[in-house]
Amino acid sequence: MSRLLVTGAAGFIGANFVRYWLQQHPNDHIVVVDSLTYAGNPHNLDGLLDKSCLLERVDINNTDRVMELLREHQLNTVVHFAAESHVDRSIEGPDVFIEANVLGTHSLLKAARQVWQVEAQALDAHRFHHVSTDEVYGTLSAEDPAFTEKTPYAPNSPYSASKASSDFLVRAYHHTYGLNVTTSNCSNNYGPYHFPEKLIPLTIINILHGKGLPIYGDGKNIRDWLYVEDHARGIELVLQKGQIGETYNIGGVNEWANIDIVNLLCELMDKRFAANISLHTNYPDCPAAKGQACSTLIEYVTDRAGHDFRYAIDTTFIREELGYEPAVTFEVGIERTVDWYLNNERWWQSVLDGSYRKA
Ligand code: NAD
Ligand code: TDX
């Protein structure tokens, strides 16, 4: 039985991870540590919190409190999601990215080393898994081969630079102190509980409200999309079978230009409105409620500064070493995601009106 400290699990991927983990390992004990920034929403954990899954509102920079939790709950595994995650915000204000992603990761590493190694509790059984991103590898041209674990780091945004720094700190704690670490670098996730500042949920919700769909630059930038539960499955495999000190790339082998994703979402919404008349009543401002195509909302806007052109993950290593394959095809995952947003208006309305912060 594992006893996990999961950081940042009031956010998008961490919440999906905890949901998935408790389905697969119902007897495990989880302590979620989350400072509940704007991206942290306790409702993301609705139905999960009880005496064996606790949410502690703690900043990962509070090393002493993290150490207390590790000791008090005899936790032997850290799965570290907590971070500032939005590239646009990192361009507007990088400081908090350094505090949360660089200093915060270092604080957690210090806490884990102190409790697991210096105080010698659970010495051999411990594991520190660090959740990182493909953005640390920089940008690809259309012809470049996809990122492998051996691709040199070349981060371009304050966000990706802060994640790269945290990856190096994790590496250093393994090489210098022998902390049992693993790292995964994943491509773009999509699915339920995705905060509506990111491309896919923003597009779905703006379509419903008849608001413009901002496409940065020419819309040709490419991302590799993975259904969020498949990210959780990849991390589970790394925790169970991954080699200590190793890095694993996780991706969907599913590259899409942004404009194509947005057009696809427009088509899916056109179809939902054609099939369900009650959507017309609920969302009268949506073009589909007025007999128009949702794609009429597309607006090309000023490009993101330093916008990376293409990310793509070569998944050979995790496939061959750990037998990893994504389980959810993009066709299924994107329909599921659209339907989740249509069926969970209360969730995203509370994010849009800010009431989720009073939860
Ligand atoms: P998110 O922004 O939705 O959630 C981040 C969570 O971390 C929030 O709940 C927030 O309150 C919490 N947090 C932030 N700073 C904290 C601090 N100092 N102390 C405690 N908690 C803090 O992010 P996400 O999209 O779920 O991403 C989770 C992790 O996965 C991040 O490390 C991110 O870099 C990585 N990642 C994300 C993607 C993606 O597509 N979203 C892809 C690859 C990797
Ligand atoms: O309104 C938009 N219009 C637009 O064209 C937004 C919000 C984004 N975009 C573009 C920028 C990117 O090329 O869409 C693409 C996806 O943008 P985001 O959803 O902001 O994601 P991205 O910048 O690719 O980063 C995401 O994937 C990797 C996560 O936010 C990171 O945390 C993760 O590491």
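The residues of the shell around ligand 1 divide into 14 nonpolar, 11 polar and three charged, where Ala, Val, Leu, Ile, Met, Phe, Trp, Tyr, Cys and Pro count as nonpolar, Asp, Glu, Lys and Arg as charged, and the others, Gly among them, as polar. This is a predicted model, in which local features need pLDDT of at least 70 and side-chain atom pairs count only at pLDDT 80 or more, while totals for chains, interfaces and linings use all residues. Residues are numbered from 1 along each chain as its sequence is written, chains are lettered from A and ligands numbered from 1 in the order in which they are written, and side-chain values use heavy atoms, with hydrogens and water left out.

Ligand 1 is surrounded by 28 residues, of which Ile13, Asp34, Ser85, Tyr159 and Lys163 are the closest; a residue counts as near a molecule or strand if one of its heavy atoms lies within 4 Å of it. A backbone N or O atom of Ser35 lies 3.1 Å from a nitrogen atom of ligand 1, and a backbone N or O atom of Ile60 lies 3.0 Å from a nitrogen atom of ligand 1. An oxygen atom of ligand 1, in turn, has a backbone N or O atom of Asn189 at 2.9 Å. On its own ligand 1 has 840 Å² of accessible area, and the protein covers 96% of it; such areas come from the Shrake-Rupley method with a 1.4 Å probe, and for residues only the protein chains shown count as cover. The elements that give two or more residues to this shell are α1, β5 (127-133), α5 (158-177) and β7 (188-190), and β5 gives the most, with three residues. Helices (H or I, at least four residues) and strands (E, at least two) are DSSP runs, numbered from the N terminus.

Around ligand 2 there are 18 residues, and Thr133, Tyr159, Pro214, Arg304 and His307 come nearest. The shell around ligand 2 divides into seven nonpolar, six polar and five charged residues. An N or O atom in the side chain of Glu135 is 2.8 Å from an oxygen atom of ligand 2, and a polar side-chain atom of Asn188 lies 2.9 Å from an oxygen atom of ligand 2. Pro214 takes part through its backbone, with an N or O atom 2.8 Å from a nitrogen atom of ligand 2. Ligand 2 exposes 650 Å² when taken alone, and the protein buries 94% of that. Both α6 (199-209) and β8 (213-216) supply at least two residues of the shell around ligand 2, with the largest share, three residues, coming from β8.

Phe17 and Phe81 form a tilted pair, with 5.3 Å from centre to centre and 50 degrees between the planes. This pair links distant parts of the chain, 64 residues apart, since Phe17 is in helix α1 (residues 12-24) and Phe81 in the loop between β4 (77-80) and α3 (87-92). Both Phe17 and Phe81 are buried, that is, under 20% relative accessible area, with exposed meaning over 50% and partly exposed in between (1.4 Å probe, protein chains only). Elsewhere, ring pairs link Tyr137, Phe147, Tyr153, Phe168 and Tyr311 into a cluster.

Rings also meet charges, and a charge sits over a ring if NZ of Lys or CZ of Arg is within 6 Å of the ring centre and within 35 degrees of the ring normal. Arg89 lies over the face of Tyr38, at 3.5 Å from the ring centre, and the charged end of Arg113 sits over the ring of Tyr177, 3.8 Å from its centre.

Thr7, in strand β1 (residues 3-7), counts as buried because its relative accessibility is 0%, and a polar contact of 2.7 Å joins the side chains of Thr7 and His80.

Most residues other than glycine have a negative phi. Leu36, although not a glycine, has a positive phi of about 55 degrees and lies in the loop between β2 (29-34) and β3 (53-57).

Terms used: Rings of Phe, Tyr and Trp (its six-membered ring) pair if their centres lie within 6.5 Å; planes under 30 degrees apart count as stacked, over 60 as edge-to-face and the rest as tilted. A polar contact is a pair of N or O atoms within 3.5 Å; within protein, one must be able to donate a hydrogen and the other to accept it, and residues adjacent in sequence count only if both atoms are side-chain atoms.
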